[in-house]
Structures are given as structure tokens and as C-alpha cells.
Amino acid sequence: MNKFILILLCCVFSLSLIKRESSIESKLPEEESALKLSDTLPDFPFYNTSLSIDERVADLISRLSLEEKSLQMTHNTPAVERLGIPPYSYWNEALHGVGRSGVATVFPQAIGLGATFDSDLAFRVSSAISDEARAMHNAAKAKGHHMQYGGLTFWTPNINIFRDPRWGRGQETYGEDPYLTSILGTSFVKGLQGDNKDYLKTAACAKHFAVHSGPEKLRHEFDAIATKKDMWETYLPAFEALVEDAKVEAVMCAYNSTNGEPCCANEYLISDVLRDKWNFKGHVLSDCWALVDFYEQEKGHGVVKTQAEAAALAVQSGVSLNCGDTYPALPKAVEEGLVTEAEIDEQLAILLRTRFKLGLFDPMGSNPYDDIDTSVIDSDTHRELAKEVAQKSIVLLKNDGILPLKNDLAKYFVTGPNAANVDILLGNYYGVNPRMVTIMEGISNAIDAGSQLQYRIGALLDRQPINPMDWASGNAGNSDVTIAVLGLSSLLEGEEGESLASATAGDRLDYNLPQNQIDYLKKLRNAAGDKPIVAVITGGSPMNLAEIHELADAVLLVWYPGEEGGTAVADILFGKVSPSGRLPITFPKSLDQLPAYEDYTMQGRTYKYMNEDPLYPFGYGLSYTQFNYGEPKLTSKKISKNKNQTVSVNVTNQGKTESDEVVQLYITDLKASVDVPNFQLKGVQRIKLEPGASKEVSFEITPKMLELINDEGEKVLESGDFKIYIGGSSPMKRSFELGASALAETTITLQ
């Protein structure tokens, strides 16, 4: 009877969606009991803080029944009231602010943070997020609330490589480059997890392990085939950095298969690489309802036939936590001889260590994070930080000399489907905020009294208006400047099941902007005549902006810029801040320049292997000033395999505007035994220079930076010559055609 009741309890607390939508909120069944830890805890050894974590974990596991163990390995764990343990939900989101949990600071979407090229900024952002997370958790716990999205285990960051612009979830990543993804992801994890030697501030998670970037519609059944070279050159480096350098607490295995095995049962990825090679000590969790794919025969991997078999396979593959409803079948799997209770105990012990490291079994006040209160949530300091990120993320793609604008012109016309749209501030995996600043609001707040501002939406996001009357575009003819806010929103791109206007599960298989937006911009151009038009483009992925580039006098890419997005856009438009964002992903001219979406080989993809001329290159972005790079200097033209060298270059602001410059270091192996990238980003420094000022920027060149990945996926250091580029963009020729700063070049020889 007890077994039946426990299984029934599992059904109550589990999410009711078998279809695996990962955006569903659920309430833990025991929440109403208001069971919570207090200053006085039951007298069990696992509550004794003088014992080691391993001793406490072992004691707790010894007191649990097999059914209780299985339920403690699901994302929404029920209470164990006889032991004084309240419910706990492992599922929480913090992609660009605490998500799905109420009011929080909404920072720019992850791709926007990627466009800052600023790892220090990433650390400051995630430190602010973890402050708010602790404050929200402390407040909820005090009220006895134990809801999903209320815990301290955050399933972020997404460090998959944005290898193809068609992927709807690319907005969640830091772009297409493994090095940039590594340095931003590492900093983000460190800010989330804190630096206390005894406690985690929050627990971060590197996802989705490992070769995962679409197609969304096929993600439950797709097999991503990647060579060893592509695995170790592109898909694995960021995960390696987060595990070895940032000590990330959790890793999420992906829905798809990689090289023939489901990622959540992939011996090579989980056992050989993650555990054995990288010595990962944290827990592995499944993506939500990914284990169902094990036994789904038609739209899944179909590697087993039953839920019990799937549960056993996942445990034996090293998956400690099941987001979904498969692990409640573990008792049946034991009964059928598919898995042993000892194997379950091993994975549960790994998982429980995270909760102990978070202090969830300690008296209140035991760790320094228990005292963080709700005053930090969306504080003025955090709003300023959100604005700073947005300012530094905005990329100026074109400027025919009309920007920055004066803020005292006679008349401004603001128009377009995204001008007053709150959704374009958010992207996906977002929190909410009572003071979201739309682009129209930011602009209207920035202009002087006495100036007029007219606003008309003018066009719908993705379809022609039903009403043929056009009362909007004519304003472009009698205004001093027209600001057209166009682009994408979460209606058109995102995760499977989330983008309501997408017929392709959130992916963008059509690279173009909706035609009605182009048609509207043409109307504005005809009405404006010689009067300037500024196109402000929202979105989280590359898109065909060729016609926008021709029709508009200036083009700003603002991503999904967060709660202070409107303020930041206005700051750029009116010259309060000079634009300094850089593209973290290449914009091809068309999808015809790329391999097939389902093809995971890197040849022809990203700035590293693309030989065709793109629309906008990786690392590109204009400024309101011009930077000059002097002749680079090396401490020695030769480098040995066991000694570093330094390269330095003098950077001068030759213009009249103070501005940040994103100084980028690229290296090319001029002669190698295998195919190597055209060039690779190996260093970044963001500097600020006043007009006329100069600064010497130095990078340390290490032998490790000169390694290549051979066809077996091995790191090899070969002697020879290497070209070094330092500049404000990648070395792609297109950068300089569009007006990017010139590159400084030199050569170093590895002996």
C-alpha cells in the first residue's frame, strides 16, 4: 500500500505534461503544508554541520526508502516530513536575470552579453543575479513557499555554439566562438556560484552537453554527427573551461543524440570525457523529459522499450537528476533487475551534495547568503548595470554620418512594430519587471521639451495590415528624422513550442525579415526623401539586413536589450554613449552561403571556416570615433614550446568622441598538418579612450594558444609561423569594407 501511495504522490507533484514543454510552471504538492527548515532542526546526523558533507549525505540516504530516493532524484522533490525535509525544486532559470520567478532585474539577453565581449561585465551581471536569487529564495522560504523556479539550482548558462543562424535558441548563447563563449561562461558561473569556500551562493549548470544547436523540431530524435576534430575544436572547449576552470556544479545533457548515442546515455560524453578526462565531480541532469525520448519509438530515440528501462539506463549512464517523470519508475527497474539500489544511491549522493553545499540542510544564518534581503531585487544599482550591459551590447552596423542625433530637433517620428513592444526587451527565459523601458519610451524621455515626437506603429510584426489605409509613413516626410524599430521578437524565434508565430518550432528557416517590414521601410524611404532614417533592429540571431542596410541611413542592432533597453538605445542614438558592441556571430548574406542546417561539420561555418564574403563579419561594429592601431611589438619574434611571449600595440582614439574599443587578438597557423581555421579569437580587452588619447594594449602569447586540433581530436603543438592580428574586428576582409578599424599584424615563429 505504501508503494502505491508514494507512486500516486509522484503523479500529483510531477508536471502533468508528458509532451515535455520546458516552460511549464508547477507547484509542489506539499507547498501548502508550509514545511520549512527552522533554526531548530530534527536530531539526525545529516543536520549536524560538524560532520563532513559526505558523512551527512550517507546518513540521509540511509534513512530513505527506495521510493523516496527515486522521488528525490526528480526536478520537483516532495517533502520527507518524518525527516523534516521540505520540498525542493531543482528547476530554476537565470539566463539573463532570475527567470520565471517574479520581479527581477531583466538584463539583456545572453547574445547581447556576448556582443559586449566583456568577461568582467559577465561576472558583475551574474553576481547581481545570484544576489537577487538568494534574496528571493530567502523571502520565499520564510513564507514556507517551495515552488518551482524558487530554488537555488540554476540551469544556466547555455554554452552551446551558435553554429547556424537558423537555430531559434541561439539567442540564449554567447555566439559562435568557443573562446568567447568560454571566457564569458566561466565568468558567469563564477558570479553565480560565489567565492565562499564552504557554501555555494547558487549552483550553475553548463548546458546542453554537448553537440546541440538544432533543429528544434527534431531535437528529441536527431542524431548530431560531429568529427573528433570538430568536437574538440568547437563543441567541447567551453564545457571543458566551465568544468575545469569555473568548477561548474552541474551539467545538463541534451535531448538529441551525438554520434549515435542519446546525450543522456552517451558513454563517451558523460563517462569518458566529463567524468574521466575532466574529473567532473558535480551532478549531471537530463533536459526536461529527455529520458522519455529513450523509449519513444516514433518521435524519440527508441533505444529502450519501457519507462523503467529508460530510468535504469540513465542512472547507469551517470545522470543523477531527472527533469521529468521517468525516475519514479526506478523502484520497478530495481524489481526487474535492470539497476541496483547501490547504483541509485551513488547518483543520489552526487546530487544531494549540491543541496548540502547550498546550505539547504543547515540552520538559517549558517552561511553569509542567508542575510541577503529583497532590497537588492531590481535595485538602482542593478538597473544601472542592466543599462550598462545594453549600452555595451548595441552594435552600430551602418552610419552615413547622421548619428549621433541632436536631441532638440523640431520633430521626431518613431515607428515600427517593435518601438513600443515590451516583448522585444525580453527574449526568452526572462523575469518580469514593473519598470520596463520600451524604445519609444527611451527616445521620448531623451528629447528636449519643445521638440515634437510622433509615434505610429505603422506595420505589424510579420504580416500585412488588414486595413489598407496608411496614416503612418507620411510622417517621415515632415519629420527631421525617422526612427524605425523593426526586426524579430520571441513570436518568431525561440525554443520548441514557445514562438507562437513560428511554423518551424522556433527555428528561422527563412533568413529574411518579414516582407511587410521591408515594404513599410520602403514606404518610409519614399516619404522621407532626403531626410534621414535610422533603423533600429531587434532580435537574437543573424538575419538578412541587406535591404535595411540600403534603405536606412544608419542601422543599429540592439538584440533583446532588457529592462533598460529603451534608455540604452536612446543613449546611443543621441550620443550620450558611443556604440561599442561587436557581433559575436557572423551574418551571412543568405543561407545559400552555409551548409545544410542538419550538417554539424564546421567547414563553411562561422568566421573560422567561412570563405565566402558575409553581410556582416564576426567581431564587427562601428563607433562614433575612429581608432588607430600602431605597429605591434613582440618581446621576441620567436617563441619556444615552454615559454610565453608578449605582443603589444598602441591604440589611439583619433576622433572627437570618448568611446570604448574592443581590442581583439586573432591568430592564424600559416602552415599546419591538418585543416585549421582561417583565424581564431585568442584574446579580448575592452578599453575606454578619450579623444586624442592612446593606450598600449598587451597580450601574452602562450604555446597553448598556438596548438591545433588534429583529426583525432588531439591537441598538438607544431613548429612554424603564426600570423597575429590585433584590431577592433575580425580579419575578414568585409570588416574593412564596412569601415571597421584597421588591423595591426605581425608574425611569430614557434621553434
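Colleague: Where is Pro157 placed?

Modeller: Pro157 lies in the loop between α5 (119-142) and α6 (178-193). Helices here are DSSP runs of H or I with at least four residues and strands are runs of E with at least two, numbered from the N terminus. Before we go on, this is a predicted model, in which local features need pLDDT of at least 70 and side-chain atom pairs count only at pLDDT 80 or more, while totals for chains, interfaces and linings use all residues. Residues are numbered from 1 along each chain as its sequence is written, and side-chain values use heavy atoms, with hydrogens and water left out.

Colleague: What kind of peptide bond joins Thr156 and Pro157?

Modeller: That bond is cis, with omega about 10°. Ala210 sits in the loop between β3 (205-209) and β4 (223-224). Most residues other than glycine have a negative phi, and most peptide bonds are trans.

Colleague: Why is Asn259 called partly exposed?

Modeller: Buried means under 20% relative accessible area, exposed over 50%, and partly exposed in between, using a 1.4 Å probe and protein chains only. Asn259 has 38% relative accessibility, so it counts as partly exposed. Asn279 gets that label because its relative accessible area is 47%.

Colleague: How do you know whether Ala503 is buried or exposed?

Modeller: Its relative accessibility is 74%, so Ala503 counts as exposed. Ala503 is in the loop between β12 (481-487) and α16 (515-528).

Colleague: And what about Ser286, is it buried or exposed?

Modeller: The relative accessible area of Ser286 is 0%, so Ser286 is buried. Ser286 belongs to strand β8 (residues 283-286). Beyond its neighbours within four places in sequence, Ser286 has contacts (heavy atoms within 4.5 Å) with residues including Met252, Cys264, Leu291 and Val319.

Colleague: What joins the side chains of Ser286 and Asn322?

Modeller: A polar contact of 3.5 Å joins them. The term covers a pair of N or O atoms within 3.5 Å; within protein, one must be able to donate a hydrogen and the other to accept it, and residues adjacent in sequence count only if both atoms are side-chain atoms.

Colleague: What makes α6 and α8 roughly parallel to each other?

Modeller: Two packed helices are described by the angle between their axes and the distance between the axes. Axes are lines fitted to C-alpha atoms, for helices over the stretch in contact, and angles run from 0 to 180 degrees between N-to-C directions. Angles under 35 degrees count as roughly parallel, over 145 as roughly antiparallel, 65 to 115 as roughly perpendicular and the rest as oblique. The axes of α6 and helix α8 (residues 237-244) come within 8 Å and cross at roughly 25°, and α6 and α8 are therefore roughly parallel. The contact is made by residues including Thr181 and Gly185 of α6 and Ala238 and Ala241 of α8.

Colleague: How many residues of α8 are buried?

Modeller: Seven of its eight residues are buried, which leaves α8 mostly covered. Among them are Phe239, Glu240 and Leu242. The cover includes α6, β3, α7 (228-235), β5 (250-253), α9 and β23 (715-716).

Colleague: Why is α2 oblique to α13?

Modeller: Helix α2 (residues 53-62) and helix α13 (residues 341-357) pack at about 125°, with their axes 9 Å apart. That angle makes α2 oblique to α13. Residues that meet there include Val57 and Leu60 in α2 and Leu348 and Leu352 in α13.

Colleague: Which of the two residues, Pro691 or Tyr179, can you place for me, and how far are their C-alpha atoms separated?

Modeller: Pro691 is in the loop between β20 (680-689) and β21 (694-701). The C-alpha atoms of Pro691 and Tyr179 are separated by 31 Å, and the two residues are 512 residues apart along the chain. Pro691 is partly exposed because its relative accessible area is 42%.
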